[in-house]
Amino acid sequence: MKAASRRPVVIIGAGPVGVMAGLLLARHGVRSLLLERHRDIYPLPRAVVVDDEIRRILQSAGVHEEFAALARPAPGLRLLDAGRRVIAEFPRSMHGHHGFPQTSMFDQPELERLLRDALARRPECELWSGVEVVSVTQSVARETDGPNDPTGPVRVTLRRDGSDEEEHLWADAVLGCDGAGSLTRDAIGAVWEDLHFEESWRVIDVRTSRPVRTWEGAEQICSPTRPATFMRVSEDRYRWEFRLADDQNLEGPDGWERLRELVAPWVDLPPDASPGNDFEVVRQAQYTFRARLADRWRSGRVFLLGDAAHLTPPFVGQGLCAGLRDAQNLTWKLARVLQRGAREGLLDTYERERKPHARHVIRVAVAVGWAMTGGQDRGAAFRRAVVGTACRIPGVTAAVGRDLSPALTAGPLVRRRPRLTGRMLAGTFCPQPWVRHDGRRVRLDDVLGESFAVLTAVPPTAQMTAVATALGAPTIRVDDLGDDGTLAGWLARGRADAVLLRPDRVVMDTVPAGTSDFTDTVAWAPLLHTARHTADARPA
């Protein structure tokens with residue numbers, strides 16, 4: 001047995017969520033070690049879509065320009081009936097709230113490769129491949145100020161390259177990004193909460209030069225007998241997903257003919273055709289789509305992220321998105337605790353904020369799944385008819401699209417008070433327009449930096465300045481940014497003179513219009529160890 005070494009953060013799993021967590025921690029100056037059991041990235045496509053919020057997270061990690069080169073913006077989602085007639089359309093903008101297309105199609109191996117390349121450029125990050133993690137054990141060293149277990153260093157036991165020799169690592173925190181079969185989830189004693197959706201689907205990825213009858217967005221075929229999903233991923237890459245009966249196998253001598261019949265609504269394959277260069281099946285895989293949430297996401301300094309914490313059906317393309325949101329939410333808080341001595345209770349807000357959000361997204365995906373299949377009972381046709389009728393009501397489809405990523409629920413870092421803030425900016429994201437900075441046209445986040453920031457439409461008051469100084473946050477007048485009026489209009493609609501933005505660009509606090517102070521420093525300042533002086537930074 002080799003001697004143990006100490007690491008600030010150990011990340012178990014180097015898929016997109018684990019690598020993103022490492023990149024975001026590096027942005028805050030925190031060193032991490034990633035442990036991955038595979039020698040290289042998984043070569044076959046899996047996730048194929050992200051939204052504009054995730055594009056903004058990629059911007060935070062410094063890879064958005066590389067991603068833009070491999071991504072394809074898509075116009076949205078359509079629900080079709082069995083005859084491929086449109087039931088409802090959910091349009092997506094080419095310029096969303098976060099400054100990017102609201103839907104982008106991509107090939108996951110390409111995304112993973114650019115994330116790995118970015119990781120290799122960061123001296124704060126180290127990746128060990130071919131490593132099997134055997135156990136994760138939380139030590140009891142000191143008491144915390146939160147409801148979680150006492151926190152001490154975490155011991156990670158591993159084996160390298162198939163060796164039987166065990167090694168130990170000690171870490172200040174462990175992030176379990178190790179997927180649906182997570183060892184980390186078992187280590188903290190978490191169990192699944194079943195959200196009541198489980199279906200077996202066949203996923204087929206194809207590369208073809210043949211003409212394909214396609215809308216540029218995603219199509220969901222709503223049918224109780226043969227529901228399906230179809231989308232063009234890139235120039236010559238397409239994906240089909242079919243719910244097939246157990247006896248409808250696409251393997252064996254008759255498999256090609258069955259596949260030809262399934263894709264016939266979109267592409268013509270002659271009866272005498274066979275798999276080849278003009279219709280290459282890149283991957284076929286049988287998946288069981290499930291809806292589940294872990295009952296707890298944290299024990300002491302051990303955390304669950306991504307599929308280790310939640311599983312969603314893929315019908316609204318939010319599986320990978322949810323995991324990357326986990327990384328964005330947790331990493332700045334963990335950095336604040338490890339580097340600046342913030343209270344342990346700050347880490348409690350990770351699950352408190354992310355779990356309800358993930359639950360909402362899963363429920364939306366399940367609702368779309370039920371719209372597609374209608375279930376197998378006598379009420380299936382009625383439910384599909386109700387969905388079709390509801391989606392024809394003006395504004396319904398736009399509302400569903402907006403609610404894919406709702407505002408965070410109220411908590412210590414999200415103080416939602418309708419009477420004070422009008423439209424409740426707290427818990428929502430600040431928009432990201434193009435602005436002028438040092439004579440250049442850049443996105444807003446490139447000006448704000450990686451920490452907190454104060455955006456104000458009025459001259460800064462003494463209390464605004466005191467809060468900004470205590471947090472090390474820049475204070476920026478929106479009138480000085482030279483945008484298209486987006487920021488001033490956003491503040492005005494929210495009845496706020498100024499906002500305090502968290503490092504993830506969520507509004508943490510507001511200065512209501514006509515007042516001079518942030519409303520809730522008394523709630524969040526203790527968690528951040530922010531100095532507050534009674535003369536100039538008193539809570540309202």
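**Notes on the predicted fold: a strand residue, salt bridges and helix packing**

1. Starting with Val-281: its relative accessibility is 26%, so it counts as partly exposed (buried is under 20% relative accessible area, exposed over 50%, and partly exposed in between, with a 1.4 Å probe and protein chains only). Keep in mind that this is a predicted model, where local features need pLDDT of at least 70 and side-chain atom pairs count only at pLDDT 80 or more, while totals for chains, interfaces and linings use all residues. Residues are numbered from 1 along each chain as its sequence is written, and side-chain values use heavy atoms, leaving out hydrogens and water.

2. Where does Val-281 lie? It belongs to strand E16 (residues 279–294). Helices (H or I, at least four residues) and strands (E, at least two) are DSSP runs, numbered from the N terminus. Setting aside neighbours within four places in sequence, Val-281 is in contact with Ile-204, Asp-205, Val-206 and Leu-259 (contact means heavy atoms within 4.5 Å). The C-alpha atoms of Val-281 and Arg-207 are 6.5 Å apart, although 74 residues separate the two along the chain.

3. For the overall picture, the chain has 15 helices and 25 strands. Of its 540 residues, 56% are buried. Take the contacts between residues at least 6 apart in sequence: 70% of them join residues at least 24 apart.

4. On to charges. Side chains of opposite charge can pair when their charged atoms come close. One network of salt bridges links Asp-107, Asp-205, Arg-237, Arg-239, Glu-241 and Arg-283. Asp-205 has already come up, as a contact of Val-281.

5. Glu-216 and Arg-72 form a salt bridge, with 3.1 Å between the closest N and O atoms. Glu-216 sits in the loop between strand E12 (192–208) and strand E13 (218–221), and Arg-72 in strand E4 (residues 72–73), so this pair ties together parts 144 residues apart in sequence.

6. Glu-344 and Arg-301 are both buried.

7. Arg-505 and Asp-445 meet through their side chains in a salt bridge at 3.8 Å, N to O. With Arg-505 in the loop between strand E24 (496–501) and strand E25 (507–512) and Asp-445 in helix H12 (residues 444–448), the pair ties together parts 60 residues apart in sequence. Buried or exposed? Both Arg-505 and Asp-445 are buried.

8. How many disulfides are there? The count is 0, where a disulfide is a pair of cysteine sulfur atoms within 2.5 Å. Cys-177 is buried at 12% relative accessibility, and Cys-321 is buried at 0%.

9. Helix H13 (residues 462–471) has as its buried residues Gln-463, Met-464, Ala-466, Val-467, Ala-468 and Leu-471. An α-helix has 3.6 residues a turn, so residues three or four places apart point the same way. The buried residues of H13 pack against H7, strand E22 (453–456), strand E23 (475–477), E24, E25 and helix H15 (521–528). Just after H13, Gly-472 takes a positive phi of about 65 degrees.

10. Helix H1 (residues 16–27) and helix H2 (residues 52–60) pack at about 50 degrees, with their axes 9 Å apart. H1 and H2 are therefore oblique to each other. The contact is made by Met-20, Leu-24 and Arg-27 of H1 with Ile-57, Leu-58 and Ser-60 of H2. By class, the contact has 4 nonpolar, 1 polar and 1 charged residues. On the terms: axes are lines fitted to C-alpha atoms, for helices over the stretch in contact, and angles run from 0 to 180 degrees between N-to-C directions. Angles under 35 degrees count as roughly parallel, over 145 as roughly antiparallel, 65 to 115 as roughly perpendicular and the rest as oblique. Ala, Val, Leu, Ile, Met, Phe, Trp, Tyr, Cys and Pro count as nonpolar, Asp, Glu, Lys and Arg as charged, and the others, Gly among them, as polar.

11. Lastly, Glu-112 lies in helix H4 (residues 108–120) and is buried at 5% relative accessibility. Not counting residues up to four places away in sequence, Glu-112 touches Ala-14, Gly-15, Pro-16, Ile-41 and Arg-46.

Methods
A salt bridge is a side-chain nitrogen of Lys or Arg within 4 Å of a carboxyl oxygen of Asp or Glu.
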